[in-house]
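Here are my notes for you on this chain. Keep the picture open while you read, and find each residue as it comes up.

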Amino acid sequence: MNLRNVFVILVLACLSCGIAQAHCEVPCGIYDDHLRIHLIEEHITTIEKAQQEINTSNWKKKQDQHQLVRWINTKEQHATMIQEIVSQYFLTQRIKPTMKGYVDLLKTAHELLVDASKAKQSAQEQTAQELRKALGRFEKLYSDATAEK
């Protein structure tokens with residue numbers, strides 16, 4: 001296992017325990033936008049995996065039903081983590097009114113938040129696909145907006 005994977009696992013472990021936020025609210029100036037985008041991608045992949053398991057597995061036995069609950073919880077936790085990164089990191093700290101395409105960035109960030117909410121409400125695989133598309137649009141807009149610095 002390489003160092004990058006270890007770091008990502010540690011970050012995910014911290015985020016999943018409910019103590020760590022997407023980023024501190026102290027103006028520390030330490031930002032890694034690419035890491036946050038990558039984390040959102042991983043959360044979407046986990047949501048996709050959970051949706052596949054929910055939709056394709058046989059849930060007749062009690063033990064299997066317990067596993068179903070765990071997959072549902074996992075799907076919802078990862079959607080919540082996406083919402084935390086978008087709101088606590090990007091919206092409160094990184095996206096500024098002076099940025100190029102500010103309104104489009106806000107609309108797309110809102111779309112990510114709503115799509116994450118839809119992923120919580122449903123096991124339809126389309127919800128994760130919409131999340132991934134919205135992330136692609138957001139990443140492009142954000143990249144364009146930050147390239148002007």
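1. Axes here are lines fitted to C-alpha atoms, for helices over the stretch in contact, and the angles run from 0 to 180 degrees between N-to-C directions. Do remember that this is a predicted model, in which local features need pLDDT of at least 70 and side-chain atom pairs count only at pLDDT 80 or more, while totals for chains, interfaces and linings use all residues. Residues are numbered from 1 along each chain as its sequence is written, and side-chain values use heavy atoms, with hydrogens and water left out.

2. The overall layout. The chain has five helices and zero strands (DSSP runs numbered from the N terminus: H or I for helices, at least four residues; E for strands, at least two). Read from the N terminus, the elements go α-α-α-α-α.

3. Helix 4 against helix 5. These two pack at an angle of about 160 degrees, and their axes are 9 Å apart. That angle makes helix 4 roughly antiparallel to helix 5 (angles under 35 degrees count as roughly parallel, over 145 as roughly antiparallel, 65 to 115 as roughly perpendicular and the rest as oblique). Residues making the contact include Leu 105, Thr 108 and Leu 112 of helix 4, and Ala 134, Phe 138 and Leu 141 of helix 5 (contact means heavy atoms within 4.5 Å).

4. A closer look at Thr 108. This residue is found in helix 4. Is Thr 108 buried or exposed? Thr 108 counts as buried because its relative accessible area is 7% (buried is under 20%, exposed over 50%, partly exposed in between, with a 1.4 Å probe and protein chains only). Leaving out residues up to four places away in sequence, Thr 108 touches Ala 134, Arg 137, Phe 138 and Leu 141.

5. Helix 2 against helix 5. Here the packing angle is about 170 degrees, with the axes 9 Å apart. So helix 2 is also roughly antiparallel to helix 5. Among the residues that meet are Ile 40, Ile 44 and Glu 48 in helix 2, and Leu 131, Leu 135 and Phe 138 in helix 5.

6. The main core. The largest nonpolar core has 26 residues, and those with the most contacts inside it are Ile 40, Ile 82, Phe 90, Leu 131 and Phe 138 (such a core is a set of buried Ala, Val, Leu, Ile, Met, Phe, Trp, Tyr and Cys residues joined through side-chain atoms within 4.5 Å). Helices 2 (33-56), 3 (62-94), 4 (102-121) and 5 (125-146) each supply at least two of its residues. Which helix gives the largest share of this core? Helix 5 does, with seven residues.

7. And a second one. A separate core of five residues includes Ile 54, Trp 59, Trp 71 and Ala 123.

8. Gln 83 lies in helix 3 and is buried, because its relative accessibility is 17%. Neighbours within four places in sequence aside, Gln 83 is in contact with Gln 88, Leu 113, Ala 116, Ser 117 and Lys 120. Gln 129 lies in helix 5 and counts as partly exposed, because its relative accessibility is 41%. Gln 129 and Glu 48 are 81 residues apart in sequence, yet 8.2 Å apart in space, C-alpha to C-alpha.

9. Whole-chain numbers. Of the 149 residues, 34% count as buried. Among contacts between residues at least 6 apart in sequence, 74% join residues at least 24 apart.
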